[in-house]
Amino acid sequence: MSDFLLERGGVAVIDGGLATELERHGADLNDPLWSAKCLLTSPHLIRTVHLDYLEAGADILITASYQATIQGFEGKGFSQDQSENLLRKSVEIALEARDIYYSRCCESASDYTGDGRILKDRSIMVAASVGSYGAYLADGSEYSGCYGDAMDLEFLKNFHRRRVKVLADSGPDLIAFETVPNKLEAQAFAQLLEEEDINIPAWLSFNSKDGVNVVSGDSLSECVAIAESSKKIVAVGINCTPPRFIRDLILSIKKVTDKPILIYPNSGESYDADRKEWVQKTGVSDEDFVSYVNKWCEIGASLVGGCCRTTPNTIRAIYRTLHSRSSALP
């Protein structure tokens with residue numbers, strides 16, 4: 001990760017929201033599998049969205065496996081082997097998109113096209129997404145971290161164990177543990193990396209609804225300390241959190257770790273968990289979102305992108321902002 005960031009001038013660009021773009025391309029995601037449904041119905045759309053983000057300047061692609069679990073696929077009637085193959089497929093699609101992008105870069109006479117596409121040959125990482133147990137439940141608990149008093153560490157480790165191993169063995173560059181809502185699940189992920197001898201690095205990304213703690217109310221500092229103590233976790237940060245909270249969260253993270261800090265907020269829109277839809281006109285514009293980027297980088301962010309409701313236009317604007325920033329440096 002350090003070499004990757006050095007090659008980028010100190011800051012790399014993560015891609016943006018997947019589900020938003022899949023829906024824009026015509027996918028129906030009204031399903032407990034959410035964006036992972038497209039692994040079954042329309043993998044070509046996932047590949048298209050990955051390419052859109054690469055051509056917007058993303059340096060890191062996150063796979064369509066956030067809500068893809070063996071248990072979730074088995075609930076749809078698939079066998080364990082079929083479920084594991086769908087997990088592998090999520091990584092394969094991202095790797096294919098990267099290869100197609102590299103081919104387009106080789107064929108292009110310029111790094112930048114007239115229609116705004118960025119075809120710049122560069123190292124690109126594929127991050128295999130692992131969502132929380134709450135994401136599998138599809139009941140909004142990934143945004144509360146409340147799994148009930150009976151929840152324990154061993155249950156969470158066993159729930160994620162095979163999924164993490166299959167994804168890690170499918171050829172990604174790293175594992176992205178995303179939208180982690182509580183300390184217990186962070187501990188489960190960190191221990192799994194050791195217990196399963198996962199041989200690729202990982203990042204750990206939490207979400208917050210108050211700009212102070214993670215969504216469960218657990219201390220952000222204590223959660224970040226879990227990442228700090230793991231040699232296999234190479235970056236830690238925040239995703240799926242309103243942009244207005246990010247500055248204070250970065251400063252809190254910096255007090256606990258020297259590892260690279262990653263930031264990929266949502267658009268700031270409110271989500272109605274009962275109606276399972278985003279509340280219109282509650283977020284910030286791309287222009288306002290991107291206006292935060294330099295400030296986040298100045299205080300310590302090393303990887304910046306977007307989460308729910310952000311688009312390739314958001315990522316393109318982030319890329320341009322960071323490129324202008326690095327070009328201005330001596």
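This is a predicted model: local features need pLDDT of at least 70, side-chain atom pairs count only at pLDDT 80 or more; totals for chains, interfaces and linings use all residues.
View 1. Cys38 is in no disulfide, and the nearest cysteine sulfur, that of Cys308, lies 15 Å away. Cys38 has a relative accessibility of 1% and counts as buried. Cys240 is likewise in no disulfide, although the sulfur of Cys308, the nearest from a cysteine, is 3.7 Å away.

**View 2. The three cysteines of the annotated binding site.** An unreviewed UniProt entry carries the annotation "binding site" for Cys240, Cys307 and Cys308. These residues are spread over 69 residues of sequence yet cluster in space, with a largest C-alpha distance of 6.4 Å. Cys240 sits in the loop between β6 (233-239) and α11 (246-254), and Cys307 in the loop between β10 and α14 (312-327).

**View 3. Surroundings of Cys240.** Is Cys240 buried or exposed? With a relative accessibility of 7%, Cys240 counts as buried. Apart from neighbours within four places in sequence, the contacts of Cys240 are Tyr143, Thr179, Asn207, Tyr264, Pro265, Asn266, Cys307 and Cys308.

**View 4. Surroundings of Cys307.** Cys307 counts as buried, at a relative accessibility of 12%. When residues up to four places away in sequence are not counted, Cys307 touches Gly16, Gly17, Asn239, Cys240, Tyr264, Pro265 and Asn266.

**View 5. The open sheet.** Eight strands form an open sheet with parallel pairing, in the order β1-β10-β7-β6-β5-β4-β3-β2. The edge strands, β1 and β2 (60-62), each pair on one side only.

**View 6. Strand β10 between β1 and β7.** In the sheet order, β10 stands between β1 and β7. Strand β1 (residues 12-13) runs parallel to β10 (residues 301-304), and two bridges join them. Ala12 stands opposite Leu303 of β10. Strand β7 (residues 261-264) also runs parallel to β10, joined to it by three bridges. Here Ile261 stands opposite Ala301 of β10. The loop holding Cys307 lies between β10 and α14.

**View 7. Strands β4 and β5, with helix α8.** Four bridges pair strand β4 (residues 174-180) with strand β5 (residues 202-206) in the parallel sense. Ile175 has Ala202 in β5 as its bridge partner. Helix α8 (residues 153-168) lies across β3 (125-130) and β4, and runs at about 165° to β3.

**View 8. Arg98 in helix α6.** Helix α6 (residues 80-107) contains Arg98. Is this arginine, Arg98, buried or exposed? The relative accessible area of Arg98 is 15%, so Arg98 is buried, the cut-off being under 20%. Leaving out neighbours within four places in sequence, Arg98 is in contact with Leu54, Ile124, Met125, Val126 and Asp173.

Definitions and conventions: Residues are numbered from 1 along each chain as its sequence is written. Side-chain values use heavy atoms; hydrogens and water are left out. A disulfide is a pair of cysteine sulfur atoms within 2.5 Å. Buried means under 20% relative accessible area, exposed over 50%, partly exposed in between (1.4 Å probe, protein chains only). Two strands pair if DSSP finds at least two bridges between them. Contact means heavy atoms within 4.5 Å. Axes are lines fitted to C-alpha atoms, for helices over the stretch in contact, and angles run from 0 to 180 degrees between N-to-C directions. UniProt positions are given in the numbering used here, feature names are shortened, and annotations may be inferred rather than shown by experiment.
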